Each structure stands twice: as structure tokens, then as C-alpha cells.
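Please examine the structure shown below. The report that follows treats its charged pairs, its domains and some of its loop residues.

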Amino acid sequence: MTSTVVARRYANAIFALGKKYGDNALTRHGECLAALGEMLAASLALAVMFKSPVVGTEEKKAVLSKLLAGLKADSVMHNFCFLLADKERLACLRDIAACYGKLLDAAKGVIRGRLTTAVSLSAEKRAVIKADIEKKSGSCIELTFAVDKAVLGGVVFKMGDRVLDASLRTQLGILRDTFKRGE
């Protein structure tokens, strides 16, 4: 069983459990899992310890308990993380956090997107673009912005599996192909 399948199952389980406690619990669990995922990404020693079969389950639970206390996690999250420790699935925690985030976005109707431009946009311009995309899509958009000079001009917008490439680079490529064909 791959780690993604395992992560999806555990994320579905904690999400279903969180639904019983309401939207606030779903959000808190998501924040807690995201914070744990970020801690694992930031600390190689922590990630290695959670993966290590040499380190005992009780030691892992002791570290988890301190981390969860710092995050002010509820008893459901404590029990969930301890279950992961018992089942030796703490190595999947980052993947579980990512899967849970997708479930939470879907439940809240949030769509994540990425807008890439050749130059950095001002905060006002970003707000206008985000509001315009939200208005046209009819959904709440969590938009991240990136700068890639290879775009040359225009924008590349990615939302979910869809990509709108209105970049100058692509337009020049289409023009080049047209000239090659002699049209």
C-alpha cells in the first residue's frame, strides 16, 4: 500500500470524525495537521525520528504530546496522532495533512490557484485579479502568485487541473510553429 493511499484513508477518517463536531473542529484539525506537517518539513531530525523503527512508540508519543500541547490540539487530535504512532504511520503525517487540506478545501468550496507572471504584481493589482477571478468563477479562490521571467509577458493561470496559458512565450511558440508550417 502506497503512502498516498494510506494518507488518504487516515485523512478521510479524521475528516469524517471532525464533521461530527462541526465546522470549527474541521478547521482546527486542519490547522493542527498543517502545523505538524510544516514542523516535519522544517525539522529533518523530527521527520527521521517519526520514521525510525529504532525509536519506541512511547518516545514518539511523548514528543507528539509536547508538540500537540504547543498547538493546543483537542483530544480528538491527540488520539488521532497517538493512533498514528501506534500503527507506525507517523511518517505519513505530511501526506495526511495534504490530503486533509484538500478535503477541507472541497468542503468549504475553496479552490486553489496559481498565477504566474513575468514581473511581480503590486498588492492592489493582486487583489483586483483575485476578486475578478472569484467573481467569474463564483467560488472562493486561494490564489498564490509567482514570478517567472521565462513567461516573458502575459499570465499563466493554473486552477486545479486546468491551465490557462496566455503568456507571450506560448504565443510566440504558436507563431513560430505557424511560420514553420508555411501557413
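Is Asp86 buried, partly exposed or exposed? Asp86 has a relative accessible area of 44%, and it is partly exposed. The model discussed here is predicted.

The side chain of Asp86 meets that of Lys61 in a salt bridge, with 2.8 Å from N to O. Asp86, at 44%, is partly exposed.

## Further salt bridges

In total, the structure holds five salt bridges. Side chains of opposite charge can pair when their charged atoms come close.

Another of these bridges is formed by the side chains of Asp74 and Arg28, at 3.4 Å from N to O. It also links distant parts of the chain, for Asp74 lies in the loop between helix 4 (57-70) and helix 5 (75-86), while Arg28 lies in helix 2 (residues 23-42), 46 residues apart. Both partners are partly exposed: Asp74 has a relative accessible area of 23%, and Arg28 has one of 43%.

The side chains of Asp132 and Lys136 also meet in a salt bridge, at 3.5 Å from N to O. Here both residues lie within helix 7 (residues 123-137), four residues apart, which is about one turn of the helix. Asp132 is partly exposed at 36% relative accessibility, whereas Lys136 is exposed, with a relative accessible area of 68%.

Lys72 has a phi near 55°, a positive value in a residue other than glycine. Lys72 is exposed, with a relative accessible area of 74%.

Glu88 also has a positive phi, of about 55°, although it is not a glycine. Glu88 is located in the loop between helix 5 and helix 6 (93-108), and at 61% relative accessibility it counts as exposed.

## Domains

The domain assignment divides the protein chain into domain 1 (1-106) and domain 2 (110-181). The centres of domain 1 and domain 2, taken over C-alpha atoms, are separated by 34 Å.

Methods
Residues are numbered from 1 along each chain as its sequence is written. This is a predicted model: local features need pLDDT of at least 70, side-chain atom pairs count only at pLDDT 80 or more; totals for chains, interfaces and linings use all residues. Side-chain values use heavy atoms; hydrogens and water are left out. A salt bridge is a side-chain nitrogen of Lys or Arg within 4 Å of a carboxyl oxygen of Asp or Glu. Helices (H or I, at least four residues) and strands (E, at least two) are DSSP runs, numbered from the N terminus. Buried means under 20% relative accessible area, exposed over 50%, partly exposed in between (1.4 Å probe, protein chains only). Domain bounds come from an automatic or database domain assignment.
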